[in-house]
Structures are given as C-alpha cells and as structure tokens.
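Dear colleague,

I am passing the structure below on to you, and my notes on a few of its helices and residues follow it. Please read them alongside the coordinates.

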Amino acid sequence: MSETILRQTIIMLILILCGVLCSKTGIISKESNKDLSKFLMQIINPVVIFMSYQTDYRPELVKNLMLTFLLSGISYAVFLSCCYIFIRKKDGRDTEIERFSSVYSNCGFMGIPLVTALFGSEGVFYLAAFITMFNLIAWTQGMIMLTGERDMKQALKVLYSPTVISIVLGLVAFAFHIRLPEVPAKAMDMLKEVNTPIAMIVSGVTMADTNIPALLRKKRVYYVCFLKLLLFPALLSVILAIIARNIDEKVLLTVIVAATAPPAALCTLQCVRYGKNSLFASEIFTFGTVLSLGTLPLIVQLTEFLTKKGI
C-alpha cells in the first residue's frame, strides 16, 4: 500500500507543479483559482462522494462505515488532545492557527485522490464518514478554537453544504438500492475523473505566491508540520493498531490517510475572513502539502507494519 501511496503522491506533485506553472505564466489567475476551488468543493467532490454510494448493498459495507465513523472520532480525539499538550499558549505566537493546522487536514482535496488510488470507490465510501466528522467538528470546535467566537449560524450552514447533502443522498440511495440511469451515471463518472487534476492544480496555484526563502526561516512552520504529518499520525497509528485489531485494512488505512493529509486549506480561508495571520496559515498549508508527499507513504508503511506485528 505504501508503494501505491508513493506513486500517487509523485503524480500529485507533478500536477501541483503544473498548477504553479499555470500561476506563474498567468494561465490561471487568483480569481480563476477561487472559482475552480468552488467548482471542486461544491460540484466535483460531492459527485465523487455520491457516486461512491452507487454500489450494491452489503452488510459488511454498513458495518465498516460505522467503524469508520468511530475511528474518525477517535482520531480527532487523539489529535485534539495532542495539540493542547504540544502547542502551548505564548505571547506573540499564533497558537490558535498552529493548533487548528495540527488537527484538521485537507481530507477532501488530498484524501479523495489518495484513497481512490488505494481502494477505488469503496475507499471513498468510507472516506465520506471521515469527511462528515471533519465538517461537524471543524466547523464547531475548530472555529471556536481558531476565532474564539461561537458562530453557531455558520456551523449550522455545514448541515446543508453540498458535501453533507451528497453524503445524505448517497446513503439514502445506498440503503434503498436506488441507482442512477446509465446516461447520467456516465456523466457523473466523467466528473469524478477530473477530481485529482483539478484539486492538485488548485493547490499548486494557491502555493505559487509563497515566499519560499521567508517560509524556510520560520521554525514554527517546521514544528507544526512535524506534529501534523509525523508525530500525531504516528501516535494514532499505534493507538489504532492496539484497539482496532481485526478491522478491515481498507477502513484503517482510509482513516490514517485522511488524518495524515496536510493541514486544511480551511484555516487560511477563515484567517482571511476573521483578520487572523493568513500568511502564517498559508505557509503552514504550503509547506505541509509539499512535505506530506513524503510523510504519507511513511505513515502508511508504519501502520501496515504495526498491524501486521499485532502490537
């Protein structure tokens, strides 16, 4: 599995570099990139999730989906506990950004392409559970942690976001054996195929304006990325290897990949909205995205080793 992840991350790196090139040459502007990002998040990702539920009903799928919800909740409990232990408040430090970035991942942008490469539609089927947990926790606890405000109206909006709607419709279709006719199903499949290229190109354009020399001088960026991409995932791998024995490997690795994905772009977007240090958040996102191309295969390999050893 780690070899598959490595191949996929190399492919994704090439696509990210394509996005950087498109930005540097003016082919894709910042405004165009925002529109592409909206198209990805509001159309393509929901289609990918919905189509993952267009499969035959099997009891083991339902069981594994429930287990994915459980393991996703455990992963957030581990990451949130660790972020308060390893990231202490200090004057002059953007503690809230560091904590948010160390907990919440780009599980949609990065998770869907990687899980698709590993397990196909069945992997996305399980990933939908992690994405649901992300939306519920990031837009409640995460926003309170980041902003210090309890904006429940914004949190409630998540319940009727395209992603959540696609999950609900997908589950209904799955439970009641509802299948799309051949023609619209083929159209949806074609949309699915552009998910990875657009996601990576959008990421590349977003990263293109980063001042790399300035970023490399910031020790806290290294520290947060170390926590998010290596330490917290390694701790999670050990915990899940102990408590989640005899669980389907697809479920376990889907949760690990989603949790180990780079810091969420949501942090940068919300920092812009609330007047926080969006440059710092963007630097963590950029550096974390690049580093994750190397750390993700390592964490998957560690998880496979631990589960085979049966610790």
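**Notes on the helices and selected residues**

Helix α5 is followed by Gly-148, whose phi is positive, near 80°. This is a predicted model, in which local features need pLDDT of at least 70 and side-chain atom pairs count only at pLDDT 80 or more, while totals for chains, interfaces and linings use all residues. Residues are numbered from 1 along each chain as its sequence is written, and side-chain values use heavy atoms, with hydrogens and water left out. Helices (H or I, at least four residues) are DSSP runs, numbered from the N terminus.

Helix α5 itself covers residues 111-147, and although it has 37 residues, its end C-alpha atoms are only 26 Å apart, short of the 54 Å that a straight helix would reach at 1.5 Å a residue (the expected span being 1.5 Å times one less than the number of residues). At Phe-119 this helix, α5, bends by about 130°, the bend being the angle between axes fitted to the seven residues ending there and the seven starting there. Of the 37 residues in α5, 29 are buried, where buried means under 20% relative accessible area, exposed over 50% and partly exposed in between, with a 1.4 Å probe and protein chains only.

Two helix pairs involve α11 (residues 219-243). Helix α4 (residues 95-103) packs against α11 at an angle of about 30°, with their axes 9 Å apart, which makes α4 roughly parallel to α11 (angles under 35 degrees count as roughly parallel, over 145 as roughly antiparallel, 65 to 115 as roughly perpendicular and the rest as oblique). Axes here are lines fitted to C-alpha atoms, for helices over the stretch in contact, and angles run from 0 to 180 degrees between N-to-C directions. Glu-98, Ser-101, Ser-102 and Val-103 in α4 meet Arg-220, Val-224, Lys-228 and Phe-232 in α11, contact meaning heavy atoms within 4.5 Å.

The second pair is α11 with α12 (residues 249-260), packed at an angle of about 160° with their axes 9 Å apart, which makes α11 roughly antiparallel to α12. Among the α11 residues at this second contact are Lys-228, Leu-229 and Pro-233, and the α12 side includes Leu-252, Val-255 and Ile-256.

Thr-68, in helix α3 (residues 59-86), is buried, with a relative accessible area of 0%. Not counting residues up to four places away in sequence, Thr-68 touches Tyr-126, Ala-129, Phe-130, Val-251 and Val-255.

His-177, by contrast, is exposed, with a relative accessible area of 52%. It is found in the loop between α7 (162-175) and α8 (182-193), and His-177 has a positive phi of about 55° although it is not a glycine.

With best regards
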